Structures are given as C-alpha cells and as structure tokens.
Amino acid sequence: MVDSEGSRAVELDIGGKLRVFDIDDPKLPDWIDEAALTSGNFPYKKKLKSEDYDDELTALQIELVKAQISMRQTGQRIMALFEGRDAAGKGGSIFSIHSALNPRYARVVALTKPTETEAGQWYFQRYVTHFPTKGEMVLFDRSWYNRAGVEPVMGFCSPEEHKHFLRVVPSFEQLIVDDKIHFFKFWLNIGREMQLKRFHDRRHDPLKTWKLSPMDIAALTKWKDYTQMRDLMIEKTHTKFAPWTVVRANDKRRARLNIIRHILLTIDYDGKDKKAIGEIDNKILSFGADDL
C-alpha cells in the first residue's frame, strides 16, 4: 500500500508474525537478510561457492553445445517452460542455458501482454507460433501458465476461464509430447524472505531497477493467493507425460546447475559425457507437489 506521503510500506504476515516491509528503505531489514537463504525450507545454509559453480557450469555448457550440434543433425526439438513467482530466477536460469549456444537455433520467448487481436484468439495460439522447428531449442520465460497464476490472482481472467484452462491444458500438452518434442516444465520455488530480498535488490541496484515492475509491488501482499494458485496448477497439470520439475531456487547457482543437468540427462546426443554432467541434487530438484 502507499500512504499519504508516498511510502510503499506494507504489513506482512510472515510465519504468523506481522512485519513491516518498506521496499524504498535502502536498508534491508535484518529479519529478511538472516532468513532469506533458508526460507521456504531450503536445505542448505550456504550458497554454492562461486568457483565451484563456474567450473561446473562450464562443463555443463560444453555438454549443451554438444547436444545442440547433435540436435541439428538429428532434428530433435526441445521446449522448456520456466515458471515461478516474481524474482524466482527464471531469466537467469534461461541465460545460463542460452548464453553458450548458437542463438540461431536456441531462442528465448518472453511475451508481453496480449494485443487486442491476440486476446480474441484461441488462448494458446500466440504461444504455438513460437514452438521449435527441427534442430531447435525454445525457452519460454513464462508461458501459457500465466492463466494459472498471475491472471487469476490479479483478476486478468475470469474464474470460468481459469477453470477451463486447467481442464484443457493437459490435452494440449499431450499433443506437444505426441509430436515428439522434448518438453520440460520448470517451477522455480523460492521462500518468502528470499523473494523480499530480491525485490529489495531490484529496487536499490541501479543495474536491476528495470526488473522491478508494478506487478512485483502488487505481489507483496498476495503470497498466499499465489501459493493457492500454484498448488492447484500443479495438482491439475502435473502429468506423467508432462510433469512439473520443481526446483528449489533460493540458491540460484544450485538451481541453474540442476536444471541443466536434468535437461542433458533426459535427452540423447552424440558424445554425452555423464561424468561431466554429474548427478542431480535431489534436495534441489524434485517432481510434482511432494516438496511444496
């Protein structure tokens, strides 16, 4: 909320305790700073060391390049959706995959709100036009699952449209899988204090201010609403053929490494080096709602 003097301080229920958070205050409150990393039952007390991350990421990106070359030869198609709360780390995770690849055959899709024409079309139509062709990888920074989270929470769709979406999306995704597209759905899960910390970073870092949107501010008091929509979404759309891969993302480094590992271990490509890929950290990556 904004008071008469323009402050954006809000009162939040954090673990049953009322806390005041003012995103415009340059000092991050201690109660956020101290709890951010372990919030949401995150299993590690320290972030992965940067030197370990850099070494592992380089090895995985080499494998990604090998996989892309093989995809071009075999005509395989890959499509991955990245979903999660605001500031969950979707864009950074996508960048860690995309940055080492030939951009002619690896695309990032981050659509703005629909135009008037698009709003009158079949809901999935504007997304389908961006699907991969042979030998291509497409990474969606948010997707049709806007209708399962942002839209119902913020009142951008009707309850009937929301229910209809949850009913039909498994059939839509069955068509994708049946067409032999390697299809991934990632939900990046973060704790509440971590989200607040990242919002605060966006507000006060001159290089990140463009990331802070009015939607972020509106989300401050809607944590429970988004949680309810997320849980319903996973309940209705987590299927055997198109499962949700849940990534604990308080530590962006661990999240990115395990996302890439999962993709590489799932697909076939020439020269795959399983030792270089490593093993999935099951504390970070799981499937469905078990760890939510």
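Trainee: Which residue is the bridge partner of I78 in β6?

Mentor: Strands of a sheet pair through backbone hydrogen bonds, either parallel or antiparallel. Here the bridge partner of I78 in β6 is H182, and 8 bridges join strand β3 (residues 77-84) to strand β6 (residues 181-189), the two running parallel. Two strands count as paired if DSSP finds at least two bridges between them, and strands (E, at least two residues) and helices (H or I, at least four) are DSSP runs numbered from the N terminus. This is a predicted model, in which local features need pLDDT of at least 70, side-chain atom pairs count only at pLDDT 80 or more, and totals for chains, interfaces and linings use all residues. Residues are numbered from 1 along each chain as its sequence is written, and side-chain values use heavy atoms, with hydrogens and water left out.

Trainee: In what order do the 6 strands form the open sheet?

Mentor: The order is β4-β5-β3-β6-β7-β8, with mixed pairing; β4 (106-109) and β8 (285-287) are the edge strands, each pairing on one side only.

Trainee: Which helix lies across β3 and β6?

Mentor: That is helix α7 (residues 159-178), which runs at about 130 degrees to β6, where axes are lines fitted to C-alpha atoms, for helices over the stretch in contact (heavy atoms within 4.5 Å), and angles run from 0 to 180 degrees between N-to-C directions. Helix α11 (residues 252-266) also packs on the sheet, touching β3, β6, β7 (244-248) and β8.

Trainee: Is Q73 buried or exposed?

Mentor: Q73, which lies in helix α2 (residues 50-74), is exposed, because its relative accessible area is 59%, and exposed means over 50%, buried under 20% and partly exposed in between (1.4 Å probe, protein chains only).
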